[in-house]
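Subject: Structure handover

Hello,

Here is the structure for your files. My notes come after it.

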Amino acid sequence: MIEKIKALCVKYREIIIYMIVGGMTTVVSWGCKFLWGAIFYPGVTLPTVAQNTVLNIVENVSGILFAYWPNRRWVFRSHDPNIPGEFANFVGSRLGTWGLSYVLNLLFVNVLCIDYRISTIIVAVVVVIGNYVISKF
């Protein structure tokens, strides 16, 4: 039984580590977003479009800056010596899902009037899947 578990861990190592790193990235990006919201927009659950835009920028920039290094090191085990180029590709690959995140947050919060904290959770599921697929390429 333990050998089967070990074999599954080896087989799905990249996905397992990606989920762990994704969890850590989520904690960092949501922490930054919700802290920003609590400090600059106290008591606001339905931010204006401008506030929602700022919250989305804070969330995504902090997430991208944090996620690059653990993804490089542990998920994809990159040894590319061109770190600036690799980082640029990483950021570029995240711009698509950032755009998706932004549009979905505007839709959920500013059109459907869903609390931005709940919207953040819903959007995260879509973005994590998208980021994994994009990162593979």
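The notes below cover salt bridges, aromatic pairs, a surface patch, cysteines and one serine.

This is a predicted model, in which local features need pLDDT of at least 70 and side-chain atom pairs count only at pLDDT 80 or more, while totals for chains, interfaces and linings use all residues. Residues are numbered from 1 along each chain as its sequence is written, and side-chain values use heavy atoms, with hydrogens and water left out.

Salt bridges

A salt bridge here is a side-chain nitrogen of Lys or Arg within 4 Å of a carboxyl oxygen of Asp or Glu. The count comes to three salt bridges. In one of them, Glu59 pairs with Lys33, with the closest N and O atoms 3.1 Å apart. Glu59 belongs to helix 3 (residues 49-75) and Lys33 to helix 2, so this bridge ties together parts that are 26 residues apart in sequence. Helices (H or I, at least four residues) are DSSP runs, numbered from the N terminus. Glu59 is buried, with a relative accessible area of 10%, and Lys33 is buried at 0%. Buried means under 20% relative accessible area, exposed over 50%, and partly exposed in between (1.4 Å probe, protein chains only).

Glu86 and Arg72 form another bridge, with their closest N and O atoms 2.3 Å apart. Glu86 is in helix 4 and Arg72 in helix 3, 14 residues apart, and the pair links distant parts of the chain. Both Glu86 and Arg72 are buried.

Arg117 and Asp115 also meet through their side chains in a salt bridge, at 2.6 Å from N to O. Arg117 is partly exposed, because its relative accessibility is 37%, whereas Asp115 is buried at 18%.

Aromatic pairs

Rings of Phe, Tyr and Trp (its six-membered ring) pair if their centres lie within 6.5 Å; planes under 30 degrees apart count as stacked, over 60 as edge-to-face and the rest as tilted. The whole structure contains six aromatic pairs. The ring centres of Trp30 and Phe34 are 6.2 Å apart and the planes are at 55°, so that pair is tilted. Both residues lie in helix 2, four residues apart, about one turn of the helix. Phe34 is partly exposed, at 25% relative accessibility.

Tyr68 and Trp69 make an edge-to-face pair, because their planes are at 75°, with the ring centres 4.8 Å apart. Tyr68 is buried at 2%, while Trp69 is partly exposed at 47%. Ring pairs link Tyr68, Trp69, Phe87 and Phe90 into a cluster.

Surface patch

Leu8, Tyr12, Ile15, Ile16, Met19, Ile20, Met24 and Trp74 make a nonpolar surface patch of about 760 Å². Patches are made of residues with over 30% relative accessible area and no salt bridge; like charges are joined within 9 Å, and nonpolar side chains (Val, Leu, Ile, Met, Phe, Trp, Tyr) within 5 Å. Accessible areas come from the Shrake-Rupley method with a 1.4 Å probe, and for residues only the protein chains shown count as cover. Helix 2 (residues 13-40) gives the most to the patch, with five residues. Met24, which is found in helix 2, is partly exposed at 33% relative accessibility.

Cysteines and Ser93

There are zero disulfides (pairs of cysteine sulfur atoms within 2.5 Å). Cys9 is partly exposed at 39%, and Cys32 is partly exposed at 31%.

Ser93 is found in helix 4 (residues 83-111) and is buried at 17% relative accessibility. The C-alpha atoms of Ser93 and Val133 are separated by 9.9 Å, with the two residues 40 apart along the chain.

Regards

Definitions and conventions. Helices (H or I, at least four residues) and strands (E, at least two) are DSSP runs, numbered from the N terminus.
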